[in-house]
Amino acid sequence: MPKTTILSVLVFSFFSICSYSQQRFTLSGTIREAATNETMIGVTVAVPNLRTGTTTNEYGFYSLTLPEGEYEVLISYLGFETIRESLVLNANKQINYKMVEEAQQLEEVVVSENAERLDIREPQMSVNTLAVQTIKRIPVVLGEADVIKSLLLLPGVTSAGEASSGFNVRGGAADQNLILLDEATIFNSSHLFGFFSVFNPDAIKDIKLYKGGIPSRYGGRVSSVLEIFQREGNSKETTVTGGIGAVASRLLVEGPIIKDRTAFLVGGRASYAHLLLPLFDVDNKAYFYDLNTKISHKINDNNSIYLSGYFGRDLFSISDRFVNIYGNAVGNFRWNHLFSDKLFSNLSLIYSDYFYGLELDFVGFEWDSGIRNFNVKYDLKHYINDKFQVNYGLNNIYYVFNPGKIIPNREDSGIVEDQLTKKYANEAAAYVDVEQKINDKLSFNYGLRVSHFNRFGQDEFFVYENDQPVVFDPFQLIYREATPIDTINPGRKANLATYTNFEPRISAAYSFNDKSSVKASYTRLAQYLHLLSNTSSPTPLDVWTPSGPFVKPQLLDQYAMGYFRDINKGEFSLEVEGFYKDIDNRIDYIDGADLIANNAIEQVILNGSARAYGLEFLLRKNEGRFQGWLAYTLSRSEQQTPGRTPNFDNGRSNLETGINFGEWYSTPYDKTHDLALYGNYEINDKWNINANFIYQTGQPTNYPVGQFEFEGVVVPFFGLRNQQRLPDYHRLDISATLRPKRNLDKKIKSEWIFSFYNVYNRMNAASINFRQNQDTGQNEAVRTSIFGIVPSITYNFSF
């Protein structure tokens, strides 16, 4: 066997001693799509008479170690023809399979009995997946298929409302979600301030959202992991896919460089509504564009390499006096290596950058900020036998934070160039994750992640009396910024703070039979980065900051338990989960905090706690002409920021009030009730109808509870934090897809999608502001809404 790491040899030796005395052999290989030669993720490889099996990993590889004998092997995947093969396993065998799409594969879900059993028996819980074809058919505003908006139809996933960026999972904040595109971190997942997501659905291969029971290989965020893989490209033939919509269009080209060995993929999107604005004598602009690229090369049966990238930019301008540019840029080089038929490895070198730029011509300066990271990952998966698999690996991320740089853009501006203090940090981690099947009824996933975070020195660091950058005024009962007593220059070689955290994970499944099971999980996670934002959803202006001497890492403990059942031979499925989350060191801001261009952000931050708990319900219809699901979540999300240790003044104790007098208060993303209903009906070969309905409890906010007059000016008075709510949010969307019959006889395939967003024209409140009516002098509330009913048409094609 080729040389492996010392760690892999020790793991293999230990578990070999524990393996069965009966002679056993390994069946392994790679499963690809026949039409494109792309590897397939999550394909079920089942051995029915042993009631065992496995699924392919992120690169299409599978491995099963079985006793010597004759078996029937079933290979199944959604929308593809099931492969049944009888084989005699009397030696190690490497068999690669190619799967063929079913003739009527559009949204036609065919689930084999054995695949269902594996889903029911797997200990993994709190995970949702969406097929790309489903995402393309879900009605969305302006007809542009959207990954993030589609996730909002799943239980436990909400957002701050229309045209809001990011998403919230199980009562968590948007910055607590780890978003990965080909393993690279995406720091801002939205285009045009939340109208669209940055993910081109034509370039996407697989989407998976982990809400709990998160495997040990993931870390760095305490709420969820959204993992998205791009397609590898068609190494059989050149194909073109695209779409023309009301506000944006897209085009993707893929094909072989070396047939069956090397493939490329290039996809681009751009919006163009701004081109019409000059016709109406409007000098403003708002548009986005992005580019997805990938090259994959199979060196030999044991080695493959991938080079992928994403680049996206948004531009918003008011005349030429205010210009805002922001976006992501990521790149990833990956090397897959197969040490043996039981040991798979992947080495990744990853670069990720988020840039935010602002030009204020009427003031005379430009503003640039952002975050960059460099990530090295090495992951191994060891298939000990059909009942025992081990994942282990290392990764290291180096961060550079640029809070902001001011640059004068004209000589007479009077602005002096200034760079806010850059911050530097490093996050390293090692993990081991075990998948173990005890017997036909009981199985476990368990592991440990050890993370280590270093906050490096910087050019300028403020020192405060008693290490308190925030002070409490006992007379006015308010918090205010402390004045630094010294400024030091520790330099980048110094360590300002160091944190090490042990993050155990465990999940278990107990199957009553082939149709039902109960599952439970415990997850501990640490998050060392914080998004500085005092809005209900992230904006491009928000700045990321690392943990350090004054800002501690967030620590999560999550417990979940659920019941899972297949109904009527898999035609229906039911998932019910309860969860409880407890988070330490969740930051909040003192009243009146200024987060923009703040070189001493620690002066407006207080550390507190957060908790969320709830019950999720998901009922799916998986087969037939009508398919869809009903998702409902009942939950609470709260935060508490009590006063710190009492301080003493002249021998008297001055107890701090904290925020909200130290009592629990609703977070801005607390949604008590969240209901989503999605349905898809295949009328015939030409027409397909889709509809979804969403209802959510109104978002917590603050309304004035009184007012007073000061020197002739009426000043509103606000009560405790987040005591009021916006009106409840609800809407109905529908769409119809037309696939002309002539598609069957032509190489060019096409379809038309007609959609109506917000069919009954519900004017949902994005915000409610209060003002004094100039005519009557009375106070009045003014509702701001983003969308009423929005019709759209999209034309999709491929050849």
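**Surface patch, rings and strands**

Author: Strands β19 (248–258) and β23 (322–340) each supply at least two residues of the nonpolar patch, where strands are DSSP runs of E with at least two residues, and are numbered from the N terminus. This is a predicted model, in which local features need pLDDT of at least 70 and side-chain atom pairs count only at pLDDT 80 or more, while totals for chains, interfaces and linings use all residues. Residues are numbered from 1 along each chain as its sequence is written, and side-chain values use heavy atoms, with hydrogens and water left out.

Reader: Which residues form the nonpolar patch on the surface?

Author: I257, I258, I295, L307, F333, W335, L349 and V376 form the patch, and together they have about 700 Å² of accessible area.

Reader: Why is W335 called partly exposed?

Author: W335, found in strand β23, has a relative accessible area of 34%; buried means under 20%, exposed over 50% and partly exposed in between (1.4 Å probe, protein chains only), so W335 counts as partly exposed.

Reader: What makes F797 and F799 an aromatic pair that is stacked?

Author: Among the 30 aromatic pairs of the structure, F797 and F799 stand 6.4 Å centre to centre with 15° between the planes. F797 counts as buried at 19% relative accessibility, whereas F799 is partly exposed at 44%.

Reader: How do you know that strand β18 and strand β55 pair?

Author: Two strands pair if DSSP finds at least two bridges between them, and four bridges join β18 (residues 239–244) to β55 (residues 790–798), so the two strands are paired, running antiparallel. G242 stands opposite F797 in β55. Strand β52 (residues 749–757) is also joined to β55, antiparallel, by nine bridges, and S755 has S792 in β55 as its bridge partner.

Reader: What makes R334 a charge over the ring of Y306?

Author: The charged end of R334 lies 5.5 Å from the centre of the Y306 ring; a charge sits over a ring if NZ of Lys or CZ of Arg is within 6 Å of the ring centre and within 35 degrees of the ring normal, so R334 is counted as sitting over Y306. R611 likewise lies over the face of W664, at 3.9 Å from the ring centre. Y306 also belongs to a cluster linked by ring pairs, together with Y59, F61, F229, F344 and Y383.

Methods
Patch = residues over 30% accessible without salt bridge, like charges linked within 9 Å, V, L, I, M, F, W, Y side chains within 5 Å. Areas by Shrake-Rupley, 256 points an atom, 1.4 Å probe, with all protein chains shown as cover. Salt bridge = Lys/Arg side-chain N within 4 Å of Asp/Glu carboxyl O. Phe/Tyr/Trp six-rings, centres within 6.5 Å; stacked < 30°, edge-to-face > 60°.
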